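Let's take a friendly walk through a protein structure, one piece at a time. Have the picture in view as you read.

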Amino acid sequence: MIVPTNPRTKRNPRDHTGNQKTILAELHAEELAKRKDEIAMFQAQQKAGLDEPIALDEKGRTIQTVSEEAAEEGPVDIPPTTVNIRIACDLEKVTIGQGTDFDFKEGQVYTVPLHVAQHLDRLGYVWQWL
């Protein structure tokens, strides 16, 4: 059985955009390879930060974290009614209670008050309890 050859093995000379793309890709191949590595490193850095919890207070504001060195100097009071959760999707301006707005990023670990975590879990937005 003879298989016919593909008639489109060669670029159409009238395809100016395709021809320019090929020429530019060959000219800038080294630069593109470097940029590809930079983008991969940037994305890895962004994903690495998703496992560090961000503490939120009752009003949805970020609580300043204390470094390990400062923590050794003295005790830090943390309310026992907070939990760590990982959110399943991006949420913006979620109002839970009067005057409280929360912003959540998908996959990020958050330390939130227990009632906030329970409310989000009832709605199906909590991916994981930690």
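Let's begin inside a helix: Glu38 and Arg35 both belong to helix H2, where they sit three residues apart, about one turn of the helix. Keep in mind as you look that this is a predicted model. The side chains of Glu38 and Arg35 meet in a salt bridge, with 2.7 Å from N to O. Are these two residues buried, exposed or something in between? Glu38 is partly exposed because its relative accessible area is 43%, and Arg35 is partly exposed too, with a relative accessible area of 44%.

Helix H2 spans residues 29–48, and it holds another pair to look for: Glu30 and Lys34 are four residues apart there, so about one helical turn separates them. Their side chains also meet in a salt bridge, at 3.8 Å from N to O. Glu30 and Lys34 are both exposed.

How many salt bridges does the structure hold? There are three. Asp57 has a relative accessible area of 19%, so it counts as buried; the cut-off for buried is under 20%.

Now step back to the whole chain. Its secondary structure comes to four helices and six strands, and from the N terminus on the elements run α-α-β-α-β-β-β-β-α-β. Of the 130 residues in the protein chain, 21% are buried. The accessible surface comes to about 10,700 Å², and carbon and sulfur atoms account for 54% of that. Among contacts with a separation of 6 or more, 56% are between residues 24 or more positions apart.

Next, find the sheet. Four strands form an open sheet in the order S1-S5-S2-S6, with mixed pairing. Strand S1 (54–55) and strand S6 (126–129) stand at the edges, and each has a single partner strand, so one side of each has no neighbour in the sheet.

You can trace the sheet strand by strand. S1 pairs with strand S5 (residues 109–113) in the parallel sense, over two bridges, and Ile54 has Tyr110 in S5 as its bridge partner. Strand S2 (residues 82–87) pairs with S5 in the antiparallel sense over five bridges. S2 also runs antiparallel to S6, and three bridges join these two strands. Arg86 is a handy landmark: it stands opposite Val109 in S5 and opposite Gln128 in S6.

How many aromatic pairs does a search of the whole structure find? The search finds two. Phe102 and Phe104 form a stacked pair, 5.8 Å from centre to centre and with 10° between the planes. Phe104 and Tyr110 have ring centres 5.0 Å apart and planes at 90°, so this pair is edge-to-face. Phe102, Phe104 and Tyr110 form one aromatic cluster. Phe102 counts as buried because its relative accessibility is 0%, and Phe104 counts as buried at 4%. Tyr110 is buried as well.

Finish at strand S3 (residues 91–95), where you will find Lys93. Lys93 has a positive phi of about 55° although it is not a glycine. Is Lys93 buried or exposed? Its relative accessibility is 57%, so Lys93 counts as exposed.

Methods:
Residues are numbered from 1 along each chain as its sequence is written. This is a predicted model: local features need pLDDT of at least 70, side-chain atom pairs count only at pLDDT 80 or more; totals for chains, interfaces and linings use all residues. Side-chain values use heavy atoms; hydrogens and water are left out. Buried means under 20% relative accessible area, exposed over 50%, partly exposed in between (1.4 Å probe, protein chains only). Two strands pair if DSSP finds at least two bridges between them. Rings of Phe, Tyr and Trp (its six-membered ring) pair if their centres lie within 6.5 Å; planes under 30 degrees apart count as stacked, over 60 as edge-to-face and the rest as tilted. Contact means heavy atoms within 4.5 Å. Accessible areas come from the Shrake-Rupley method with a 1.4 Å probe; for residues, only the protein chains shown count as cover. A salt bridge is a side-chain nitrogen of Lys or Arg within 4 Å of a carboxyl oxygen of Asp or Glu.
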